[in-house]
Amino acid sequence: MQFKSQAVAKPYFIAAIGLFVGQILFGLILGLQYVLGDFLFPEIPFNVARMVHTNLLIVWLLFGFMGGAYYMIPEEAETDLFSPKLALLMFWIFLVAGALTIVGYLTVPYATLAAMTGNDLVETMGREFLEQPLPTKLGIVVVALAFLFNITMTVLKGKKTAIATVLLIGLWGLAVFFLFSFYNPVNVVLDKFWWWWTVHLWVEGVWELILGSFLAFVLIKTTGVDREVIEKWLYVIVTLTLISGIIGTGHHYFWIGTPEYWQWWGSVFSALEPIPFFGMTVFAFNMVNRRRREHPNKAAVLWALGTGVMAFLGAGVWGFLHTLAPVNYYTHGSQITAAHGHMAFYGAYAMVNLMMISYAMPILNGRAANSNKSQVVEMWSFWLMTIAMVFITLFLTAAGILQVWLQRVSDTPLPFMVAQEKIVLFYWMREWAGVVFLIGLILYIASFFIGGKEEAAK
Amino acid sequence: MSGAFTKSMARNIFYGGTTFFFLLFLALTFDTHTQLPKRDMRQNITPQIAEGKKLWEVNNCIGCHTLMGEGAYFAPELGNVIVRYGDEGVKAFIQSRPKEGIPGRRSMPQFNFTDEQLDAIVAFLKHVNSINDANWPPNDQG
């Protein structure tokens, strides 16, 4: 590695992968609860397992983003990190806070946890994805600010590249929009309206800047294509992201008590949201085709191409599928939403983190790339996880179409639970696809422990 | 992309475009807030409804159910549950959940609510049902 301080990224990456494993295990529990309703009841009810599943996802992605930034920013700014010690301290604070939160979810009834952690002071808990107790939320703010201070100071004392600037805007946006998680008015419409300022403006806004910046960085390193070209692409992609994604928030304002004009604003702008994702796919393939060198880390290049394609499919295509208001009227809050959520998060954010880890970990371990044998296993893990996710998405989509038909469209609409029982076959198939995903993840981890001779640069 | 389109042009479009569309979003947000009082029934919000919303949150109901379509998809939509079951039906359902669940079926936990708490939850759910949400869900089944 070029700068010693980049090494702080390593614990972040390891923690990210560890939490990813936890996320997938709880995903399998949830999948089983869909078919065997009383599985682990009352010890781990569905809502608790789901909270663990989604919160672990958020936390491991944040670990990945922070690790990726700590790795990338010194190389971009061409200077050591402002404070590696602060980065390590924040790592432990974040890890302990995260672990305590998960233990809290699993050991104490949620209402007791809320009472214990000062939810009466500022009521922020019990809203989807923002279930964290107040101390955890405050901890996230502290860690995010210390992290941002650290990397911003690094960029300020070094070179200010476009890739670093876009990353900084994305990360500052992440911190700023998280602050809306502290606003929970008693008026449920306002609550929902501002809740999306965290959730939507994260995943369909500023997080995409982080994604684009990471992708651009790895493409520069692995293809050797001119920085001017790559950064120009990056600017175009993030422009398209934000001009479609910001007002695209409106696709969440169709049916929550907000004015009906959002059905137009939300439909039109969110229909444009696939374009930046398509841009990323074209970008990744274009740069790899125009490569000026053969980077020995072929697995990292595979992840880079994969994240382009899967983000476009998951976020772009599956998002568009149900984003137009007349369609969404029927599909809103169904398994269609779940299908989209799974592939979008995997394709965009899980895969971009795996790409960064795949690229950086060998270098952090003192070699340009892992051995051929190790990379072959890693590529197997890529295909197993990715194909498994495609099938999870297809099965949930099939379940969703049937659910929408049985419960909302047919002349004799069935009650929710009756409709659920009729589509249980698809939930079983989803669960098996989930098992394949776990096997892929185990192979991914195994690939780090396969030694062999380092793949030489050609 | 051709050579005529430079990186600095792309950068300027990024900053300009983002600023413009964010300001437009703020304007729409402002307009929404002027229209909401006609739709969100805020004039009817009582301390009891506020208490119901808090109970909804601290028991993480959204972890299984949807409310106006948002939440988890494991259990039925509750924005219109009052239409399906009525006040007393909702209370009776919540009260009668067996502690150990129902064998083989998706089960709702027994929360041991007091009568006042049940009244608050029902008041909250009735309030949500009264919000003008553009006629969603499509039918009473949610």
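Predicted model: local features only at pLDDT ≥ 70, side-chain atom pairs only at ≥ 80, totals over all residues.
- Helices here are DSSP runs (H or I, at least four residues; strands are E, at least two), numbered from the N terminus.
- Contact requires C-beta atoms, placed from the backbone, within 7 Å.
- By class, the contact of H8(A) with H1(B) has 14 nonpolar, three polar and five charged residues. Ala, Val, Leu, Ile, Met, Phe, Trp, Tyr, Cys and Pro count as nonpolar, Asp, Glu, Lys and Arg as charged, and the others, Gly among them, as polar.

- H8(A) has 22 residues and reaches 30 Å from its first C-alpha to its last, close to the 32 Å expected at 1.5 Å a residue. The expected span is 1.5 Å times one less than the number of residues.
- H8(A) is largely enclosed by the rest of the structure, because 19 of its 22 residues are buried. A residue is buried if 20 or more other C-beta atoms lie within 10 Å of its own, exposed if 12 or fewer, and partly exposed in between, with C-beta atoms placed from the backbone.
- Ile246(A) is in helix H8 of chain A and counts as buried, with 23 C-beta neighbours inside 10 Å.
- Not counting residues up to four places away in sequence, Ile246(A) touches Gly205(A), Phe21(B), Phe22(B) and Phe25(B).

**The chain A side of the interface**

- In total, 60 residues of chain A are in contact with 61 residues of chain B.
- The elements that give two or more residues to the chain A side include helix H2 (46-77), helix H7 (188-223), H8 and helix H13 (335-364).
- H8(A) supplies the largest share of that side, eleven residues.
- The side of chain A that touches chain B has 33 nonpolar, 15 polar and twelve charged residues.
- Gln335(A) is in helix H13 of chain A and is buried, with 25 C-beta neighbours inside 10 Å.
- Among the residues that Gln335(A) touches, leaving out those up to four places away in sequence, are Leu396(A), Gln403(A) and Tyr73(B).

**Nonpolar core**

- The largest nonpolar core has 179 residues, and Tyr70(A), Leu215(A), Val218(A), Leu234(A) and Met355(A) touch the most other members. Such a core is a set of buried Ala, Val, Leu, Ile, Met, Phe, Trp, Tyr and Cys residues joined through C-beta atoms within 7 Å.
- H7(A) gives the largest share of this core, 22 residues.
- Beyond its neighbours within four places in sequence, Leu215(A) is in contact with Met280(A), Ala284(A), Ala304(A), Thr307(A) and Val352(A).

**Helix H3 of chain A**

- The buried residues in H3(A) include Ala87(A), Phe91(A), Phe94(A) and Tyr105(A).
- The buried residues of H3(A) pack against helix H1 (9-35), H2 and helix H5 (134-157) of chain A.

**Backbone exceptions**

- Most residues other than glycine have a negative phi, and most peptide bonds are trans.
- The peptide bond from Phe41(A) to Pro42(A) is cis, with omega near 5 degrees; Pro42(A) is in the loop between H1 and H2 of chain A.
- Trp136(B) and Pro137(B) are also joined by a cis peptide bond, with omega about 0 degrees.
- Glu78(A) has a positive phi, near 55 degrees, and is exposed, with 11 other C-beta atoms within 10 Å.
- Phe129(A) has a phi near 70 degrees and is partly exposed, with 17 other C-beta atoms within 10 Å.

Definitions and conventions:
Residues numbered from 1 in each chain as written. Chains lettered and ligands numbered in written order. Contact = placed C-beta atoms within 7 Å.
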